[in-house]
Amino acid sequence: MTGAATIAGEVRQAARSRILDALDRAGAAYRLFTHRPVMSYADADLARAESGFTGTESKSMVLRKGNALLVSVTLAGKQVDFKAIRAYLGGPKPRLATDADLREHFGAEPGNAYPLGFDPRIPVCVDPEVFAQEWLLFSPAVPTQTVQVRGADLRAVYALLGNPLEELRLSRG
C-alpha cells in the first residue's frame, strides 16, 4: 500500500469510529451491515439484496467554494438544487470537490462520500427529508459497510459530532 493509500485508510477508519461512537452515544436506533464493496448505486442495490437491509439511500456530496469544503446530504435519486446551495453560501456556484480533496480530507474515493464523521470544521447542509426517513442508509466511511439508522435520530448524532449544521431544502424531484 502506498503512503497516500495508508493515510486514506487511516482517515476512513477514524471517521468510521467517530460515526459508530456518535451513533452509540446519541442512543440512535441503527444496524451495521457488512457486504461486498459498494462503489456505485448499482453496487448498493446488489449489497442490499444480498444483505437484506432496507431503507432510503442517502446521497452525500463534497463541494468546494474557494478554499472551503461543504458536505451536502440528501436522498439518492433526487437532483441537487445547486441554486439553493449557492444562495446559502453566497457568491458563485460551488463545484464538486476534486478526487484529491476526497482522498485527503475524507479518505474517500469518488462516489464514496459519507454524511458525517469527518473533520468537525467542515460544515454540513442536510435536506430535511433526510431526517424524515424511517430508515436511512449510508456508508460509515468504509465501502464494505452500510449503516441503517432512523432518520429522526440523526439530529442528535450531528449535534455530538459538532460540525456546523444547516437544514436546507437541497433537492428537486
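I took helices (H or I, at least four residues) and strands (E, at least two) as DSSP runs, numbered from the N terminus. The model I consulted is predicted: local features need pLDDT of at least 70, side-chain atom pairs count only at pLDDT 80 or more, and totals for chains, interfaces and linings use all residues. Residues are numbered from 1 along each chain as its sequence is written, and side-chain values use heavy atoms, with hydrogens and water left out.

**Entry 1: A141**

I looked up A141 and placed it in the loop between strand 7 (136–138) and strand 8 (145–149). Its phi is near 80 degrees, a positive value in a residue other than glycine. For background, I noted that most residues other than glycine have a negative phi. I use buried for under 20% relative accessible area, exposed for over 50%, and partly exposed for what lies in between (1.4 Å probe, protein chains only).

**Entry 2: S60**

I found S60 in strand 2 (residues 56–65). S60 counts as buried because its relative accessibility is 14%. I recorded contacts as heavy atoms within 4.5 Å. Setting aside neighbours within four places in sequence, S60 is in contact with S72, V73, A113, Y114 and P115.

I define a salt bridge as a side-chain nitrogen of Lys or Arg within 4 Å of a carboxyl oxygen of Asp or Glu. How many salt bridges does a search of the whole structure find? The search finds 12. One of them joins the side chains of D45 and R48 (3.1 Å, N to O). D45 and R48 are separated by about one helical turn, because they are 3 residues apart in helix 2 (residues 41–51). D45 is partly exposed at a relative accessible area of 47%, and R48 also counts as partly exposed, at 22%. The side chain of R48 meets that of E57 in a salt bridge as well (3.0 Å, N to O). E57 counts as buried, at 17% relative accessibility.

**Entry 3: R169 and E129**

I next examined the salt bridge between the side chains of R169 and E129 (3.4 Å, N to O). This pair links distant parts of the chain, 40 residues apart: R169 is in the loop between strand 9 (165–167) and strand 10, and E129 is in helix 5 (residues 128–131). R169 counts as partly exposed at 46% relative accessibility, and E129 is partly exposed with a relative accessible area of 23%. Which residues do salt bridges with shared partners join into one network here? I listed K78, D127, E129 and R169.

**Entry 4: V126 and Y158**

I located V126 in strand 6 (residues 124–126) and Y158 in helix 6. V126 is buried, with a relative accessible area of 0%. Y158 is buried too, with a value of 3%. Which residues does V126 contact, leaving aside neighbours within four places in sequence? They are V73, F131, Y158, L165, E166, E167, L168 and L170. With the same exclusion of neighbours within four places, Y158 is in contact with V73, P115, L116, V124, V126, F131, N163 and L165.

I also noted C-alpha separations. Y158 and A22 are 136 residues apart in sequence and 8.1 Å apart in space. V126 and R95 are 31 residues apart in sequence and 17 Å apart in space.

**Entry 5: G162**

I found G162 in the loop between helix 6 (154–161) and strand 9. G162 is partly exposed, with a relative accessible area of 46%. The C-alpha atoms of G162 and L69 are separated by 16 Å, and the two residues are 93 residues apart along the chain.

**Entry 6: a charged patch**

Patches are made of residues with over 30% relative accessible area and no salt bridge; like charges are joined within 9 Å, and nonpolar side chains (Val, Leu, Ile, Met, Phe, Trp, Tyr) within 5 Å. Areas come from the Shrake-Rupley method with a 1.4 Å probe, and for residues only the protein chains shown count as cover. Lys and Arg count as positive and Asp and Glu as negative, while His and the chain ends are not counted. The place of a charge is taken as NZ of Lys, CZ of Arg, CG of Asp or CD of Glu. Which residues form a positive surface patch? I recorded K83, R86, K93 and R172. R172 lies in strand 10 (residues 171–172) and is partly exposed, with a relative accessible area of 41%.
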